[in-house]
Amino acid sequence: MQTAQSICTRCGSPEKIAKTWVEIIETRTSKSKLTHTQLACTNKDCQKKFEVKLSEEIKRREDMKMKNEAYAAKKKEALLNPTPEKKITLR
Ligand SMILES: [Zn+2]
(Lines give C-alpha, C1' and ligand atoms only; values in the text may rest on other atoms or scores of the structure.)
Protein backbone atom coordinates (compact mmCIF):
# COMPACT_ATOMS: atom_id res chain seq x y z
CA MET A 1 0.00 0.00 0.00
CA GLN A 2 1.38 3.33 -0.98
CA THR A 3 0.71 6.29 1.19
CA ALA A 4 0.76 9.76 -0.18
CA GLN A 5 3.19 12.16 1.39
CA SER A 6 1.26 14.23 3.83
CA ILE A 7 1.87 17.89 4.18
CA CYS A 8 1.66 19.86 7.39
CA THR A 9 -1.51 21.91 7.41
CA ARG A 10 0.18 24.57 9.53
CA CYS A 11 3.34 25.34 7.60
CA GLY A 12 3.26 23.22 4.44
CA SER A 13 6.35 21.18 5.28
CA PRO A 14 6.26 17.46 4.65
CA GLU A 15 5.29 15.37 7.61
CA LYS A 16 7.06 12.31 8.86
CA ILE A 17 5.70 9.40 10.80
CA ALA A 18 6.45 9.98 14.44
CA LYS A 19 4.79 6.95 15.89
CA THR A 20 2.81 3.96 14.76
CA TRP A 21 0.93 1.58 16.93
CA VAL A 22 -1.44 -1.25 16.37
CA GLU A 23 -4.75 -1.61 18.08
CA ILE A 24 -6.48 -4.95 18.16
CA ILE A 25 -10.21 -4.67 18.02
CA GLU A 26 -11.88 -7.79 19.18
CA THR A 27 -15.53 -8.44 18.79
CA ARG A 28 -17.46 -11.58 19.56
CA THR A 29 -17.11 -12.85 16.04
CA SER A 30 -13.97 -11.32 14.69
CA LYS A 31 -10.67 -9.78 15.45
CA SER A 32 -9.22 -6.96 13.46
CA LYS A 33 -6.10 -4.94 13.55
CA LEU A 34 -6.13 -1.20 13.30
CA THR A 35 -2.92 0.63 12.61
CA HIS A 36 -2.64 4.13 13.95
CA THR A 37 -0.12 6.57 12.67
CA GLN A 38 0.90 9.75 14.34
CA LEU A 39 2.47 12.32 12.09
CA ALA A 40 4.89 15.00 13.05
CA CYS A 41 5.97 18.00 11.07
CA THR A 42 9.55 17.92 9.81
CA ASN A 43 9.79 21.62 10.58
CA LYS A 44 11.11 21.61 14.13
CA ASP A 45 9.76 25.02 15.06
CA CYS A 46 6.35 24.18 13.78
CA GLN A 47 6.29 20.83 15.53
CA LYS A 48 7.40 22.39 18.79
CA LYS A 49 4.67 25.01 18.61
CA PHE A 50 2.19 22.30 17.84
CA GLU A 51 3.27 20.23 20.83
CA VAL A 52 2.97 23.22 23.15
CA LYS A 53 -0.48 23.93 21.79
CA LEU A 54 -1.44 20.30 22.12
CA SER A 55 -0.37 20.08 25.74
CA GLU A 56 -2.28 23.27 26.51
CA GLU A 57 -5.30 21.82 24.82
CA ILE A 58 -5.05 18.60 26.82
CA LYS A 59 -4.71 20.57 30.05
CA ARG A 60 -7.72 22.70 29.16
CA ARG A 61 -9.79 19.64 28.40
CA GLU A 62 -8.81 18.06 31.70
CA ASP A 63 -9.74 21.21 33.57
CA MET A 64 -13.06 21.28 31.81
CA LYS A 65 -13.69 17.63 32.55
CA MET A 66 -12.92 18.19 36.20
CA LYS A 67 -15.25 21.17 36.33
CA ASN A 68 -17.97 19.19 34.64
CA GLU A 69 -17.55 16.37 37.09
CA ALA A 70 -17.64 18.74 40.03
CA TYR A 71 -20.76 20.33 38.62
CA ALA A 72 -22.42 16.97 38.06
CA ALA A 73 -21.58 15.89 41.60
CA LYS A 74 -23.00 19.11 43.00
CA LYS A 75 -26.15 18.75 40.97
CA LYS A 76 -26.60 15.19 42.10
CA GLU A 77 -26.09 16.21 45.70
CA ALA A 78 -28.64 18.98 45.33
CA LEU A 79 -31.16 16.53 43.97
CA LEU A 80 -30.56 14.08 46.77
CA ASN A 81 -30.52 16.67 49.54
CA PRO A 82 -32.67 19.60 48.57
CA THR A 83 -31.97 22.60 50.70
CA PRO A 84 -34.91 23.92 52.74
CA GLU A 85 -34.96 27.18 50.76
CA LYS A 86 -35.57 25.27 47.61
CA LYS A 87 -38.45 23.23 48.91
CA ILE A 88 -41.78 24.27 47.58
CA THR A 89 -44.17 24.94 50.37
CA LEU A 90 -47.72 24.08 49.67
CA ARG A 91 -50.31 25.82 51.71
ZN1 LIG B 1 4.44 22.27 10.11
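Q: Does Leu39 count as buried, partly exposed or exposed?
A: Bear in mind that this is a predicted model. Leu39 has its place in strand E2. Being buried takes 20 or more other C-beta atoms within 10 Å, and being exposed takes 12 or fewer. Leu39 has 16 C-beta neighbours inside 10 Å, so it counts as partly exposed.

Q: Which residues is Leu39 in contact with, leaving aside its neighbours within four places in sequence?
A: Ile17 stands opposite Leu39. Lys16 is 23 residues away from Leu39 in sequence, yet their C-alpha atoms are 5.6 Å apart in space. With sequence neighbours within four places left out, the contacts of Leu39 are Ser6, Glu15, Lys16, Ile17 and Ala18.

Q: How many bridges join strand E1 to E2?
A: E1 covers residues 15-26, and the two strands run antiparallel. A hairpin of four residues takes the chain from E1 to E2. Ile25 stands opposite Ser32 in E2, and Ile17 stands opposite Leu39 in E2. Between E1 and E2, the number of bridges is eleven.

Q: Of the residues of strand E2, how many are buried?
A: E2 runs over residues 31-41, which makes eleven residues. The strand lies largely in the open, because the number buried is one.

Q: What is the count of buried residues in E1?
A: E1 has twelve residues and is hardly covered. Its count of buried residues is one.

Q: What pattern does the chain follow, read along the sequence?
A: The chain has one helix and two strands. The strands E1 and E2 are joined by a hairpin, and helix H1 takes up residues 44-80. Read along the sequence, that gives β-β-α.

Q: Is the chain a compact globule or more spread out?
A: For 91 residues the globule rule gives 12 Å, and the radius of gyration is 24 Å, well over that. The C-alpha trace spans about 75 × 45 × 15 Å along its principal axes, and buried residues make up 3% of the chain. Going by the radius of gyration, then, the chain is more spread out.

Q: How far apart are the end C-alpha atoms of H1?
A: H1 has 37 residues, and at 1.5 Å a residue it should span 54 Å. The model agrees with that, as the end C-alpha atoms are 53 Å apart.

Q: Is Gln47 buried or exposed?
A: Gln47 sits in helix H1, which is hardly covered, with a count of one buried residue among its 37. Leaving aside neighbours within four places in sequence, Gln47 is in contact with Ala40 and Cys41. Because 20 other C-beta atoms lie within 10 Å, Gln47 is buried.

Q: How far apart in space are Gln47 and Thr83, C-alpha to C-alpha?
A: In sequence, Gln47 and Thr83 are 36 residues apart. In space, C-alpha to C-alpha, the distance between Gln47 and Thr83 is 52 Å.

How values were computed: Residues numbered from 1 in each chain as written. Predicted model: local features only at pLDDT ≥ 70, side-chain atom pairs only at ≥ 80, totals over all residues. Contact = placed C-beta atoms within 7 Å. Expected span 1.5 Å × (residues − 1). Rg over C-alpha atoms; globule rule 2.2 N^0.38 Å. Pairing = 2+ DSSP bridges.
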